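Hi,

Here is the structure I promised to pass on. Have a look at it first, and my notes follow below.

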Amino acid sequence: MLFTAENEYVSISVKQLGAELSSFKSKETGIEYLWQGNPDVWSGQSPILFPIVGQVLDNKFRVDGKEYEMFRHGIARRRNFELKEQGEGYLILTQSWNEESLKAYPYKYIFDIEFRLEGKKLTVTHTIKNDDDRTIYFSIGAHPGFNCKIGDWLEFEENETLVCEKITPNAILDGKHYPTLTDSKRFDITADVFVDDAHILSGFKSDTVYLKSDFRPQVIKFNFGKVPYLGLWAKPGAEYVCIEPWYGLNDDDEYKEDFSQKRDIQHIGTDEEFVFPWSAEIIE
């Protein structure tokens with residue numbers, strides 16, 4: 001099932017499964033800005049990452065001495081969201097814990113995602129509410145893929161000197177830092193820039209990056225806010241780029257006694273909320 005919203009300028013579609021954005025389209029030009037999920041390249045489009053970002057070591061984690069199995073990017077993207085509210089130019093979808101989810105992730109949560117259009121801008125706001133009687137721990141991230149060409153580039157608002165981390169073929173952090181931007185704004189999208197998988201960046205001065213091209217005048221302005229990490233990724237040579245704001249990371253190869261010990265794990269107390277927005281604006 002697809003849910004839709006539109007205004008005078010743009011339209012969106014969102015899948016019920018995983019609340020995955022599946023279209024972000026200009027009504028004025030007809031241009032589709034979101035990757036359309038070619039299964040021969042990458043079938044995803046904009047998966048929601050919760051309650052892990054990336055992968056945990058051996059696909060397992062522990063809470064209060066009990067072991068659980070969790071696969072890449074977590075359970076939210078594999079469960080349906082229900083329509084909570086819909087109006088002119090916006091949608092709110094919701095997902096809640098149930099007895100089945102507790103078998104994989106032993107915390108009670110309510111997860112609302114609002115998709116709101118204002119002019120040519122889409123703002124996606126993720127809200128995690130603790131519905132448990134104890135502190136809950138989680139990571140959360142977004143993974144939208146935008147159409148682009150090899151030769152396009154990403155340009156940060158300010159000159160950046162960033163930390164870049166990468167993952168092994170087993171999708172865990174390799175513990176190294178790699179050369180990336182040094183007092184520069186520009187990240188070029190080349191055919192081989194993602195041959196070693198994602199660039200996991202941190203240490204920003206900017207909160208906004210622009211997807212630009214010599215092949216077209218249109219630009220996407222992407223605001224990632226104050227997230228600690230930004231993943232950049234695509235299949236090597238593919239004509240899209242994922243701009244991924246993250247509150248959390250893949251595991252490294254160090255065993256953790258408890259999920260709460262995970263690097264950069266988030267936590268909220270009973271009845272508290274965690275709110276995480278990002279936005280993408282079409283500049284035509």
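How many bridges join S1 to S2? Five, and the two strands run antiparallel. Before I go on, a word on where this comes from: it is a predicted model, where local features need pLDDT of at least 70 and side-chain atom pairs count only at pLDDT 80 or more, while totals for chains, interfaces and linings use all residues. Residues are numbered from 1 along each chain as its sequence is written, and side-chain values use heavy atoms, with hydrogens and water left out.

S1 and S2 belong to an open sheet of three strands, ordered S1-S2-S3, with antiparallel pairing. The edges are S1 (2–6) and S3 (21–26), each of which pairs on one side only. From one strand to the next, the twist averages 15° (axes are lines fitted to C-alpha atoms, for helices over the stretch in contact, and angles run from 0 to 180 degrees between N-to-C directions). For the terms: strands (E, at least two residues) and helices (H or I, at least four) are DSSP runs numbered from the N terminus, and two strands pair if DSSP finds at least two bridges between them.

A hairpin takes the chain from S1 to S2 through three residues, and Leu2 stands opposite Lys15 in S2. S2 (residues 10–15) is also joined to S3 by five bridges, again antiparallel; there, Val14 has Leu21 as its bridge partner. S1 shows a covered face with Phe3 and Ala5, and an uncovered one with Leu2, Thr4 and Glu6.

Cysteines

If you were wondering about disulfides (a pair of cysteine sulfur atoms within 2.5 Å), a search of the whole structure finds zero. Cys242 is in no disulfide either, as the nearest cysteine sulfur, that of Cys148, lies 9.3 Å off. Cys164 is buried at 0% relative accessible area, and Cys242 also counts as buried, at 0%. Here buried means under 20% relative accessible area, exposed over 50%, and partly exposed in between (1.4 Å probe, protein chains only).

The largest pocket has a volume of about 510 Å³. Of the 26 residues lining it, the closest to its centre are Trp42, Arg72, His73, His143 and Trp233. By class, that lining has 13 nonpolar, six polar and seven charged residues.

The second largest pocket comes in at about 160 Å³. Its lining includes Glu69, Met70, Phe71, Arg78 and Arg79, and the largest share, three residues, comes from helix H1 (residues 99–104). This lining divides into four nonpolar, three polar and four charged residues.

How these were found: on a 1 Å grid over the protein atoms alone, a pocket is an open set of points where a 1.4 Å probe fits, with protein on both sides within 12 Å along at least five of seven lines, and lining residues have an atom within 4 Å of a point. Grid points are joined across faces, edges and corners, and a volume is the space filled by probe spheres set on the points. For the classes, Ala, Val, Leu, Ile, Met, Phe, Trp, Tyr, Cys and Pro count as nonpolar, Asp, Glu, Lys and Arg as charged, and the others, Gly among them, as polar.

Most residues other than glycine have a negative phi, and most peptide bonds are trans. Which peptide bond is cis? The one from Phe50 to Pro51, with omega near 0°. Pro51 sits in the loop between S4 (48–49) and S5 (60–63).

Asp183 has a positive phi, near 50°. You'll find Asp183 in the loop between S15 (163–165) and S16 (184–188), exposed at 53% relative accessible area. Asp197 also has a positive phi, about 80°. Asp197 is in the loop between S16 and S17 (199–202), and counts as partly exposed at 28%.

One last pair

Ser96, in strand S8 (residues 90–96), is partly exposed at 33% relative accessibility. Ser96 and Phe81 are 15 residues apart in sequence and 8.3 Å apart in space, C-alpha to C-alpha.

Cheers
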